[in-house]
Amino acid sequence: MNQSSSLPKLPFSEAVAARGMLYISGQIGIDPATQSLPSAGFEAEADQVMKNLGGVLRRSGLTYNDLVSVTIYLKSMENYAATNTVYSRYFGDVLPARVCIAVHDLPLKARIEIAAVAEGKEKV
């Protein structure tokens, strides 16, 4: 989640570059334009999470292809198939390593959160 001025300042960095890697904090589906979660259902929320993750990558000069590890947190494993459908749209044949974990709750009543690690090469 990109920390915008209309949301409270939280005690973490959007991403941290270290030793050629970019460690990306958990992203939820807050739409930067509306500062709220999408109301169109889980797939819209998951898609916004992926867009937010892409924004962090772009701001660091990276792309989804630079991701090496992704951790997905779901409030309900009932959304696992929908998560895979949305997630797959952002990758080609080479996929990062991935973990998907069911959790009790997420910030701001989100249903999905994704944290990631990207290889920065010379870009970070």
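Leaving out residues up to four places away in sequence, Arg111 touches Gly41, Phe42, Glu45, Tyr73, Leu74, Lys75 and Leu106. The model described here is predicted. Arg111 sits in the loop that joins strand 4 and strand 5. Its relative accessibility is 30%, so Arg111 counts as partly exposed. One of its contacts is Gly41. Along the chain, Arg111 and Gly41 are 70 residues apart. Their C-alpha atoms are separated by 9.9 Å.

Helix 2 spans residues 80–88. Its buried residues are Ala82, Thr83, Val86 and Tyr87. Viewed down the helix axis, these residues fall within an arc of 130°, so they line one face of helix 2. An α-helix has 3.6 residues a turn, so residues three or four places apart point the same way. The cover over the buried residues of helix 2 includes one helix and several strands. The helix is helix 1 (42–59). The strands are strand 3 (67–74), strand 4 (97–102) and strand 5 (112–119).

Helix 1 packs against helix 2 at an angle of about 40°. The two axes are 9 Å apart. The crossing of helix 1 past helix 2 is right-handed. On the helix 1 side, the contact is made by Phe42, Glu43, Ala46, Asp47 and Met50. On the helix 2 side, Ala82, Thr83, Val86 and Tyr87 take part. By class, this contact has 6 nonpolar, 1 polar and 2 charged residues.

Asp47 belongs to helix 1. Its relative accessible area is 17%, under the 20% cut-off, so Asp47 is buried. Beyond its neighbours within four places in sequence, Asp47 is in contact with Val86, Arg89 and Tyr90. Val86 is one of the buried residues of helix 2.

Ala118 lies in strand 5. With a relative accessible area of 0%, Ala118 is buried. Residues up to four places away aside, Ala118 touches Gly20, Met21, Leu22, Leu57, Leu62, Asp66, Leu67 and Val68. In sequence, Ala118 and Leu57 are 61 residues apart. In space, 8.1 Å separates them, C-alpha to C-alpha. Strand 5, which holds Ala118, is also among the elements that cover the buried residues of helix 2.

Key:
Residues are numbered from 1 along each chain as its sequence is written. This is a predicted model: local features need pLDDT of at least 70, side-chain atom pairs count only at pLDDT 80 or more; totals for chains, interfaces and linings use all residues. Side-chain values use heavy atoms; hydrogens and water are left out. Buried means under 20% relative accessible area, exposed over 50%, partly exposed in between (1.4 Å probe, protein chains only). Helices (H or I, at least four residues) and strands (E, at least two) are DSSP runs, numbered from the N terminus. The arc is that of the directions from the helix axis to the C-beta atoms. Contact means heavy atoms within 4.5 Å. Axes are lines fitted to C-alpha atoms, for helices over the stretch in contact, and angles run from 0 to 180 degrees between N-to-C directions. A crossing is left-handed if the near helix is turned anticlockwise from the far one by less than a right angle, and right-handed if clockwise. Ala, Val, Leu, Ile, Met, Phe, Trp, Tyr, Cys and Pro count as nonpolar, Asp, Glu, Lys and Arg as charged, and the others, Gly among them, as polar.
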